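Me: I'm new to this one and would like to go through it piece by piece. Can we look at it together?

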Amino acid sequence: MGSLLDKISINIANILSLLETIITNFQDFRINMYNKIILNKLLINTNKMLKNISHKDTKPFELDYIINVTRDIIHINWLIKNTNITNNEKQIISINQASGYQQFVISLALRLCLFGNKTTCKQLFIDEGFGTLDENSLDLALSTLENLRSSGKTIGLISHVNTLKERIG
């Protein structure tokens with residue numbers, strides 16, 4: 001009888017070990033999928049978009065991320081790499097420390113990259129951030145939105161900024 005219980009205990013331990021291996025491998029697969037496929041492509045496209053919609057007087061920056069895993073939850077910590085043109089130093093900060101302009105253009109670039117994906121989505125609504133932009137940045141952001149609109153996309157803007165109201169009409 002003791003031998004049967006020992007075999008059952010061993011079988012249960014083996015099954016639990018196998019389940020733990022499956023769970024670990026699945027978690028590694030999820031992290032790898034986010035890191036190498038989904039976020040990597042989004043990051044490349046977003047950084048290209050940031051270069052297109054940021055004006056030349058703005059200190060250059062790029063979006064980046066770090067993935068942290070706590071238990072079964074994947075946390076994506078978005079970062080900004082600020083580049084100092086004079087001595088090529090990079091400063092990495094949390095997106096929470098970004099300027100209003102950086103937050104606006106990153107948000108816009110992410111939306112445009114997701115919006116520009118080959119989906120049936122034809123509408124984009126923006127309700128934020130225009131008040132944080134200087135005149136040059138606002139002009140560039142509006143030009144980008146006008147180009148999207150001219151390509152057949154519907155863009156809805158909600159803003160209290162007079163320049164935006166005058167230009168969009």
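Me: Which residues of α2 are buried?

Reply: They are Tyr 101, Gln 102, Phe 104, Val 105, Ile 106, Ser 107, Leu 108, Ala 109, Leu 110, Leu 112, Cys 113 and Phe 115. Buried means under 20% relative accessible area, exposed means over 50%, and partly exposed is in between, with a 1.4 Å probe and protein chains only. Helices (H or I, at least four residues) and strands (E, at least two) are DSSP runs, numbered from the N terminus.

Me: Before going on, what kind of model is this?

Reply: This is a predicted model, in which local features need pLDDT of at least 70 and side-chain atom pairs count only at pLDDT 80 or more, while totals for chains, interfaces and linings use all residues. Residues are numbered from 1 along each chain as its sequence is written, and side-chain values use heavy atoms, with hydrogens and water left out.

Me: Back to α2. Why is it called largely enclosed?

Reply: Because 12 of its 16 residues are buried, α2 is largely enclosed by the rest of the structure.

Me: What about its span?

Reply: Helix α2 covers residues 100-115, and its end C-alpha atoms are 22 Å apart.

Me: Which residues touch the most others in the largest nonpolar core?

Reply: Leu 108 and Phe 130, in a core of 31 residues. α1, β1 (61-70), α2 and α3 each supply at least two of its residues, and the largest share, 9 residues, comes from α2. A nonpolar core is a set of buried Ala, Val, Leu, Ile, Met, Phe, Trp, Tyr and Cys residues joined through side-chain atoms within 4.5 Å.

Me: And what does Phe 130 touch?

Reply: Leaving out residues up to four places away in sequence, Phe 130 touches Phe 104, Leu 138, Leu 142, Leu 145, Leu 157, Ser 159, Val 161 and Leu 164. Contact means heavy atoms within 4.5 Å.

Me: How many helices and strands does the protein chain have?

Reply: There are 4 helices and 5 strands, in the pattern α-β-β-β-α-β-α-β-α along the sequence. Of the 169 residues in the protein chain, 30% are buried.

Definitions and conventions: The expected span of a helix is 1.5 Å times one less than its number of residues.
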